[in-house]
Amino acid sequence: MTFQELATRVSHRNTGKACNDTIADQLLQRVSADENLHMIFYRDVSAAGFDIAPNQAMHSLHKVLTNFKMPGYTIPDFRRKAVVIAAGGVYDPRIHLDDVVMPVLKKWRIFEREDFTGKAARQRDELGTLVEELEDACDKFEVAKRRRLERLASMAEKRAAKNLVASSAS
Ligand SMILES: [Fe+2]
């Protein structure tokens, strides 16, 4: 829940900016501020969980992060929409890692605390690997995004050239 609430906080905020409209931006800032309060509630309850039962809390954290899905992922055609959302700067792998996953892991001191044992200690190490994999995914996504933008730009250029030819012919 902590990650989802933070993800919605960040994406609503970025949607506001992307709208380029003062009212929409203010509205989404307000929604985003609420999401932040939801996030803080779950984050602090979970922090207490890590202090009371660190191993159990790690089992849950591991399960959540290895299966993370954005709210709304059941919407038909969500994958294609996610690409548009990412290209618009609303939510993408880099934002997911830097603004959602890492701040929470730091707050819970996941890689500093020494109270995980057995399976939970292995899961902590696996999360370290997962973070590296997410880094990789960010780099790959950046390349794909750049290609997509270049493709869109060259399509627009071709269209403009065609229009120019058409208008000079008439
Ligand atoms: Fe929420």
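Analyst: A nonpolar core is a set of buried Ala, Val, Leu, Ile, Met, Phe, Trp, Tyr and Cys residues joined through C-beta atoms within 7 Å. Buried means that 20 or more other C-beta atoms lie within 10 Å of a residue's own; exposed means 12 or fewer, partly exposed is in between, and the C-beta atoms are placed from the backbone. Also, this is a predicted model: local features need pLDDT of at least 70, side-chain atom pairs count only at pLDDT 80 or more, and totals for chains, interfaces and linings use all residues. Residues are numbered from 1 along each chain as its sequence is written.

User: Ok, how many residues are in the largest nonpolar core, and which have the most contacts inside it?

Analyst: That core has 15 residues, and Phe 3, Leu 6, Ala 7, Val 10, Val 100 and Val 104 have the most contacts inside it. The elements giving two or more residues to this core are helix H1 (2-19), helix H2 (22-52), helix H3 (54-66) and helix H5 (93-107). H1 provides the largest share, four residues. The labels come from DSSP runs numbered from the N terminus: helices are H or I with at least four residues, strands are E with at least two.

User: Why would residues like that gather at all?

Analyst: In soluble globular proteins, nonpolar side chains tend to be buried together.

User: Let's zoom in on Val 104. Buried or exposed?

Analyst: Val 104 is buried, because 20 other C-beta atoms lie within 10 Å. Val 104 is part of helix H5.

User: And what does Val 104 touch?

Analyst: Not counting residues up to four places away in sequence, Val 104 touches Thr 2, Phe 3, Leu 6 and Arg 43. Being in contact means that two C-beta atoms, placed from the backbone, lie within 7 Å. Thr 2 is 102 residues from Val 104 along the chain, yet their C-alpha atoms are separated by 8.0 Å.

User: So how do H1 and H5 pack?

Analyst: They pack at an angle of about 140°, with their axes 10 Å apart. That makes H1 oblique to H5. Axes are lines fitted to C-alpha atoms, for helices over the stretch in contact, and angles run from 0 to 180 degrees between N-to-C directions. Under 35 degrees counts as roughly parallel, over 145 as roughly antiparallel, 65 to 115 as roughly perpendicular, and the rest as oblique. On the H1 side, Thr 2, Phe 3, Leu 6, Ala 7 and Val 10 meet Ile 95, Asp 99, Val 100, Val 101 and Val 104 in H5.

User: What about H1 and H2, what's their angle?

Analyst: About 165°, with the axes of H1 and H2 8 Å apart. That makes H1 roughly antiparallel to H2.

User: Which residues in H2 are buried?

Analyst: Leu 28, Glu 35, Met 39, Ser 46 and Phe 50. What covers the buried residues of H2 includes H1 and H3.

User: Switching topic: what's with Asn 20's phi?

Analyst: Asn 20 has a positive phi of about 60° although it is not a glycine. Most residues other than glycine have a negative phi, and most peptide bonds are trans. Asn 20 lies in the loop between H1 and H2, and is exposed, with 8 other C-beta atoms within 10 Å.

User: And where is Arg 109?

Analyst: Arg 109 sits in the loop between H5 and helix H6 (118-169). Arg 109 also has a positive phi, about 50°, although it is not a glycine. With 12 C-beta neighbours inside 10 Å, Arg 109 counts as exposed. The C-alpha atoms of Arg 109 and Ala 47 are separated by 9.4 Å, though the two are 62 residues apart along the chain.

User: Tell me about Ala 47 then. Where does Ala 47 lie?

Analyst: Ala 47 lies in helix H2, and is partly exposed, with 16 other C-beta atoms within 10 Å.

User: Last one: which residues does Gly 89 contact?

Analyst: Leaving aside neighbours within four places in sequence, Gly 89 is in contact with Asn 14 and Ala 18. Gly 89 lies in the loop between helix H4 (78-87) and H5. Gly 89 counts as partly exposed, with 14 C-beta neighbours inside 10 Å.
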